[in-house]
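Visitor: I'm new here and would like a tour. Could you show me what we'll be looking at?

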Amino acid sequence: MGLSPTDLPGIEPASPPPSPEVWQWPERSPMQSARPEPIWRYVVLFVLTIASTTQAGALHYASFIVGFSNRVPDLPLTSFLLHGLWYSVSILAILGCHELGHYYACRYYGVDASRPYFLPMPLLLTGTLGAFIRIRSPISSKRALFDIGVAGPIAGFLVTVPLLFVGMQMSTVIRVPEQFAGQVFELGEPLLFKAASWLTFGPVQDGYTVNMHPVAFAAWFGMLATALNLFPIGQLDGGHIAYAVLGRRSTMVTLFTVLCLIGLSFVSTSWIVWTVLTVAMLLTFGPRHPRTPDEDRPLDTTRILVAGFALVIFIVCFTPAPIEPSALMGRP
């Protein structure tokens, strides 16, 4: 996935307070939008993303109905596009709710933020590079930073889980052929995906695999996007959460996580692009998170528990090898 830190569901870094006077800012302040943006930008990008994800969904549906066979599906284009909406609506719901979680948390704290921008990309399996919002004013406290950062992943996750189980009910279990002439990519299975598969189909026998319906694939991509955002690095959602919980100690967590990403790149080549982007982000913004005025003020117990829940979300959505060429690829 060719994604930059602000291309994925996430938020742009907040600038540090410009002067000592900001220490007196209230946690909730009146929202003042200095740079209103024309609505047509959001609409055009959203419509283009609907088109690109519908096209991607149609391809996923074609793959779903043919399984591992080489037969050509006999359906009109309009039917494929209508079935592609299964994926399009699902993935836009996940990404949209993620960003709206950030957006409404910003509004609650009076932080000036844009509406969600959706990013179309018809050449990818996902049909999109994700979505993001732009934060255009400083965030005045660790509590506000934490709530804004964690609201997106939790909102997206709460949509992903039911879509995953719906998608599993629409999926099938098929036999993996010993020989196949087409191109096949094997998707890593997060713990949540494995649990949903087991609850739906029971233990899948050797030589068989889950043939994912487009809704299930949308949920899989939603889990991947959630895990990427929850990496405790710099300006990602996980970086905001780590800073709010750990303060200055989050810098060491950031550096350690980047080292882990470099290690993951040797486990699976699908991590290389993400690792390069995170390193570039650190070189651009630095490893230290922008300070808030109350950096030394500890979070309350409730937010610590929510941070623990975010860690659980990361664990159940993470997979060490997201996308790998299957051993069947290229075999006659």
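## A walk through the model

Visitor: Which residues does Ala-105 touch, not counting residues up to four places away in sequence?
Guide: Ala-105 touches Asp-147, Ile-148 and Ala-151; a contact here means heavy atoms within 4.5 Å. Bear in mind that this is a predicted model, where local features need pLDDT of at least 70 and side-chain atom pairs count only at pLDDT 80 or more, while totals for chains, interfaces and linings use all residues. Residues are numbered from 1 along each chain as its sequence is written, and side-chain values use heavy atoms, with hydrogens and water left out.

Visitor: Why does Ala-105 count as buried?
Guide: Buried means under 20% relative accessible area, exposed means over 50%, and partly exposed is in between (1.4 Å probe, protein chains only). Ala-105 has 12% relative accessibility, so it counts as buried.

Visitor: What makes a nonpolar core, and how many residues has the largest one?
Guide: A nonpolar core is a set of buried Ala, Val, Leu, Ile, Met, Phe, Trp, Tyr and Cys residues joined through side-chain atoms within 4.5 Å. The largest has 49 residues, and Leu-164, Trp-220, Phe-231 and Ile-233 have the most contacts inside it. Its largest share, 10 residues, comes from helix 5. There's also a second, separate core of 13 residues, including Cys-106, Tyr-109, Ala-144 and Leu-145.

Visitor: What is Phe-231 in contact with, leaving aside its neighbours within four places in sequence?
Guide: Quite a list: Leu-236, Gly-238, Gly-239, Thr-257, Leu-261, Trp-271, Trp-274, Phe-314 and Phe-318.

Visitor: Why is helix 6 called mostly covered?
Guide: Eight of its 10 residues are buried. They are Asp-237, Gly-238, Gly-239, His-240, Ile-241, Ala-242, Tyr-243 and Ala-244. The cover includes helix 2, helix 3, helix 5, helix 7 and helix 9. Just after helix 6, Gly-247 takes a positive phi of about 65 degrees.

Visitor: Is Trp-40 buried or exposed?
Guide: Its relative accessible area is 53%, so by the over-50% rule Trp-40 is exposed. Trp-40 is found in helix 1 (residues 39-66).

Visitor: Which residues make the nonpolar surface patch of about 570 Å²?
Guide: Ile-39, Trp-40, Val-43, Val-44, Val-47 and Leu-48. Patches are made of residues with over 30% relative accessible area and no salt bridge; like charges are joined within 9 Å, and nonpolar side chains (Val, Leu, Ile, Met, Phe, Trp, Tyr) within 5 Å. Areas come from the Shrake-Rupley method with a 1.4 Å probe, and for residues only the protein chains shown count as cover.

Visitor: How do you know that Asp-300 and Arg-143 form a salt bridge?
Guide: A salt bridge needs a side-chain nitrogen of Lys or Arg within 4 Å of a carboxyl oxygen of Asp or Glu. For Asp-300 and Arg-143 the N to O distance is 3.8 Å, so the pair qualifies. Asp-300 lies in the loop between helix 8 and helix 9 and Arg-143 in helix 3, so the bridge ties together parts 157 residues apart in sequence. Arg-143, at 23% relative accessibility, counts as partly exposed.

Visitor: What is the N to O distance between Arg-303 and Asp-147?
Guide: It is 2.8 Å, and their side chains meet in a salt bridge. Arg-303 is in helix 9 and Asp-147 in helix 3, so this pair ties together parts 156 residues apart in sequence. Both Arg-303 and Asp-147 are buried.

Visitor: Which residue forms a salt bridge with Arg-248?
Guide: Glu-295, with the closest N and O atoms 2.6 Å apart. Arg-248 is partly exposed at 47% relative accessibility, whereas Glu-295 is buried at 4%. Elsewhere, salt bridges that share partners join Arg-143, Asp-147, Asp-300 and Arg-303 into one network.

How values were computed: Helices (H or I, at least four residues) and strands (E, at least two) are DSSP runs, numbered from the N terminus.
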